Amino acid sequence: MFSQNMIIRDGEYTKTIYTMIKEERFQDAINTLNTIPESSTTRAGLSLLGHCYYQMQDYIEAANCYEHLINLVPDVQEYRLYYSQSLFQAGLFDEAQKIIATGLDSPELKEKVLQLQSAIAYGNEDYTAAQSLLLQRQDGNGQEASTKNDEGCLLYQANMYEDALQRYVSALQAGGFNPHVAYNAALCHYRRKENSQALNYIAEIVERGIRNHPELGVGAQAETEGGARSVGNPPALAASGLAQAFNLKAAIEYQEGNVEGAREALTDLPPRSEPELDPVTLHNMALTDPTGGGAGLRRLAFLLELGPPTCPPETFANLLLLCCKHEMYDTAADILAEHTHLTYKYLSPYLYDLLDALITAQSTPEEAEQKLGTLASSIGGRLRSLAAKVQECRSATDQNALRMALREYEGALESYLPVAMARAWIPWRMDDFQGAEREFRASAEFCSETPSWRLHAAHVLFMRGDRYKEAAAFYEPIVRQNYDDILSIPASVLANLCVAYIMTSQNEEAEELMRKVERAEERKGNATGQCLHLCIVNLVIGTLYCAKNNYEFGLSRIAHALDGGSGARLCADTWIHVKRCVLGLLTGMAKQTIVLPSIALQETLNFLRACEAYGITIPSVLTGPLEDSGEQPPTIGLEARKLRALLLRLMEYK
């Protein structure tokens, strides 16, 4: 018989199997045991199989083995305990509790049974029962660290993060370093917005994990650009706490707005194929997916269908928010209707009211405005009282109280900002920019120093069409703050600022900003056309001149932005600006309100011909994250040919 290219001689099966288990080669041990017919019918074989399946986290198979064992040797209560533990790990809490209730009363197993019962109650969210069972446990026999950790979990669930943190620190002191307890402590710091302390714990977990388990290949995905061989889900990965640590690091980066950093943290995880990923990793990959919203939405929808306890609690809210982000409001409404039982469990009243208003805005904007106004008034009143509390703490020079008050104020402000943005978004989507500006002025009392508020306020002033100077005053600090890394600034900000400069006769400032962007792109290397900052700036400026009926200069600027139509910058995002301007030119020529010199018309024809040749296979429209009609979308080449044909017909018209 062969196992790992090795012949196992008669009489050496026991030695070989136990060696595999000692070396944590549990899958090899399972494969070997399954070739022995007696393994599925004898106590020794079933016990070994159950242990190996449990270590491989195949809890259903482990439960099957232990179920056979309690029928085979009903007097051995350890197997009943292992059976219940396997059911618990598989998420079958009620079934696990039934096994405990039917004859698991050995005094020697009392502490383990109490620990399992409290874990089952915790998993069922019956925290009162979990607390009661916890009080019955003894701290002797090295159980102090475990008890402290479980106390911390109950306190954490009650949002008492400071008390929970104290328990976790006590557990680490009593039992030595444990990556899972250290992760719990890091999680408390994260909830308290003490990210630097959380990252210290994460760094220690990762350092020990790399040192103790080099076989897990931490960082191998980044080094091989995703081509590393999967390590699966060995017991070492579960014991190391690496998956939890990297996911928490990703959450911290994501919360701080560094999506790329969050992706890098997930890339550093031990390499696994997607079916092998744990639910939390799959959830976080959905939020940071670089390919767009479609894959992320599908992953979150898949997790939601799995249901609790497999599905992370944040999945429901994040799926709804992602739908709203991609303007899939009907889908969000359907998800809410289909999962009403999750609404009160996983959505706070604030988040439900906000989502309800966003969905309502699609049919009755007036009602949505009223709902958002009520929500804004409620949070605004709380912000004013918290601001007064902050001032009192400053006067009393109580640093701890001041820290707590500031944390409360920042939390309330985080809740207020999306409401203020939503109130401005309702008139914005109807092109009522004056109404949007009015909403921004109403929220300036609390949000005027918030970077995201200032950015969107600048966009509103820019769209007014007569407030370019004020818009530039909002854009300029954003650009100055990142002037040394100008490509980190959104291209729309740079483009709008250039236009604002041009419209206020500050052409030199606009040219200097464009030269700065051009030099930055040259240093970075733009051979692939992926860096579109200067391209977008030129497109926006070209569109501006076309809107002012200066099509000769505007179209030349657009052609220059796209390398004459034959560069890698030609895509659906940039093509939309081209066809808008060309259609504007065609409309003006048809109405005989625009006359272009022959050389300018010929240059436009050459530009469209280049777009036709290069864009023959490039889709001309942007599709939604879940759009999949099965039909081939129109291409840039086809649309460019039609535009060129129309232009030739108008040029021939006498």
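This is a predicted model: local features need pLDDT of at least 70, side-chain atom pairs count only at pLDDT 80 or more; totals for chains, interfaces and linings use all residues.
Four helices, H26 (451–464), H28 (491–503), H30 (533–547) and H32 (572–590), each contribute at least two lining residues. The most is given by H30, which supplies five residues. Nine of the lining residues are nonpolar, six are polar and two are charged.

The salt bridges in the model number 30. One of them joins the side chains of Arg192 and Glu194, with an N to O distance of 2.9 Å; both of these residues are buried. The side chains of Glu414 and Lys193 form another salt bridge, at 3.7 Å from N to O. This pair connects distant parts of the chain, 221 residues apart: Glu414 belongs to helix H24 (residues 399–428), while Lys193 lies in the loop between helix H11 (179–191) and helix H12 (195–212). Lys193 has a relative accessible area of 35% and is therefore partly exposed.

A salt bridge within a helix is formed by Glu367 and Lys371, whose closest N and O atoms are 3.5 Å apart. The two residues are four positions apart in helix H23 (residues 365–396), so about one helical turn separates Glu367 from Lys371. Glu367 is partly exposed, with a relative accessible area of 36%, and Lys371 is also partly exposed, at 28%. Elsewhere, salt bridges link Glu437, Arg441, Arg464, Arg467 and Glu470 in a network.

Methods. Residues are numbered from 1 along each chain as its sequence is written. Side-chain values use heavy atoms; hydrogens and water are left out. Ala, Val, Leu, Ile, Met, Phe, Trp, Tyr, Cys and Pro count as nonpolar, Asp, Glu, Lys and Arg as charged, and the others, Gly among them, as polar. A salt bridge is a side-chain nitrogen of Lys or Arg within 4 Å of a carboxyl oxygen of Asp or Glu. Buried means under 20% relative accessible area, exposed over 50%, partly exposed in between (1.4 Å probe, protein chains only).
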